[in-house]
Amino acid sequence: MMSNKILEINNLEKSFLDPNKNPFKVLKNISLSIKSGEILGLVGESGSGKTTLGRVIIRLLNSDSGQIIFNGQDITSLSKKLMRKVRKDMQIIFQDPFGSLNPRHTIKNIISEPLVIHNYKKNILDRVYELLHQVGLDKSSINLYPHEFSGGQRQRIAIARAIALKPKFLIADESVSALDVSIQSQILNLISRLVRENNISMIFISHDLSVIRHISDNIAVMNKGSIVERGKTEDVLVKPTHNYTKMLIDAVPGFKTNF
Ligand SMILES: Nc1ncnc2c1ncn2[C@@H]1O[C@H](COP(=O)(O)OP(=O)(O)OP(=O)(O)O)[C@@H](O)[C@H]1O
Ligand SMILES: [Mg+2]
């Protein structure tokens with residue numbers, strides 16, 4: 001089957017149990033597709049289900065029902081073993097790089113780990129140096145530990161690791177939310193450049209409309225477990241059709257006049 005879609009999800013549903021052990025739906029009948037090379041911004045308030053959707057898409061969590069087709073392959077019920085192969089092509093950068101980078105490992109180990117796991121055929125050290133260069137970190141960083149870096153630098157390390165195997169698809173979950181605004185735009189520019197250069201498709205998750213506007217070709221707006229609006233970034237932000245989107249835009253002072 002020829003298709004320029006990298007990802008298609010159909011009717012995804014996911015429930016969790018609340019503290020009283022009653023199920024509540026976090027993903028409600030979500031359908032979405034992403035074209036090859038597209039950067040889709042996924043925006044919505046805290047608790048709307050963005051992270052859960054990201055985790056379900058890359059099968060860190062199982063959905064209750066629905067379908068996930070990645071790169072032409074139905075991965076909805078793929079075994080852990082077969083998923084391992086697919087993971088080479090789909091990576092995630094987590095919200096908190098400090099939490100996701102092993103504090104006892106050097107940068108060299110952290111960045112080479114996916115290369116080792118997936119039997120990288122060429123020289124691993126050369127590739128680590130190349131990646132450090134691509135994300136703007138000095139060669140001399142290689143033997144340092146995560147705590148020896150600033151938040152922005154740690155995010156660069158997480159990016160280097162995520163693109164090490166040249167994935168086809170990347171999920172970035174609140175990747176700049178913990179950073180100062182000036183550092184945010186540096187990291188956003190870096191992600192967007194690397195993603196374009198490597199022809200990676202991406203879902204960029206953020207609760208912050210300004211961040212989403214900066215990086216996305218298209219936007220999907222999530223509210224209480226549903227996608228309520230999807231379209232080109234400018235269309236959605238200039239002429240939102242859903243009240244929830246309007247509310248999100250109105251909640252950011254000066255956002256509308258900022259175009
Ligand atoms: N493992 C879990 N068990 C139970 N409930 C969960 C679990 N993970 C998430 N939830 C709940 O599911 C809902 C959606 O959470 P999720 O983290 O996906 O939202 P989010 O949009 O990413 O929010 P944020 O912007 O704060 O990161 C929330 O009510 C959350 O408390
Ligand atoms: Mg989240």
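In strand S7, Leu170 is the bridge partner of Gln91, and four bridges in total join strand S6 to strand S7 (residues 169–173), the two running parallel; strands here are DSSP runs of E with at least two residues, helices are runs of H or I with at least four residues, and both are numbered from the N terminus. The model is a predicted one, in which local features need pLDDT of at least 70 and side-chain atom pairs count only at pLDDT 80 or more, whereas totals for chains, interfaces and linings use all residues. Residues are numbered from 1 along each chain as its sequence is written, and chains are lettered from A and ligands numbered from 1 in the order in which they are written.

Strands S6 and S7 belong to an open sheet of six strands with mixed pairing, ordered S6-S7-S8-S3-S9-S10, where two strands pair if DSSP finds at least two bridges between them. At its edges stand S6 (90–93) and S10 (226–232), each of which pairs on one side only.

A further open sheet, of four strands, has the order S2-S1-S4-S5 and antiparallel pairing. Its edge strands, S2 (23–35) and S5 (73–74), each have a single partner strand, so one side of each is left without a neighbour in the sheet. Strand S4 (residues 65–70) is joined to S5 by two bridges, the strands running antiparallel, and Phe70 has Gln73 in S5 as its bridge partner.

Helices H6 (residues 151–163) and H7 (residues 181–197) pack at an angle of about 10 degrees with their axes 10 Å apart, the axes being lines fitted to C-alpha atoms over the stretch in contact and angles running from 0 to 180 degrees between N-to-C directions. The two helices, H6 and H7, are therefore roughly parallel to each other, a description that applies to angles under 35 degrees. In this contact (C-beta atoms, placed from the backbone, within 7 Å), Gly152, Gln155, Arg156, Ile159 and Ile163 of H6 meet Ile183, Gln186, Ile187, Leu190, Ile191 and Leu194 of H7.

Ligand 1 is surrounded by Phe16, Val26, Gly44, Ser46, Gly47, Ser48, Gly49, Lys50, Thr51, Thr52 and His207, a residue being near the ligand if its C-beta atom, placed from the backbone, lies within 6 Å of it. Helix H1 (residues 50–57) contributes the largest share of this shell, three residues.

Overall, the protein has ten helices and ten strands, and its C-alpha atoms fill a box of roughly 50 × 45 × 45 Å, taken along the principal axes.

Notes:
Angles under 35 degrees count as roughly parallel, over 145 as roughly antiparallel, 65 to 115 as roughly perpendicular and the rest as oblique. Two residues are in contact if their C-beta atoms, placed from the backbone, lie within 7 Å.
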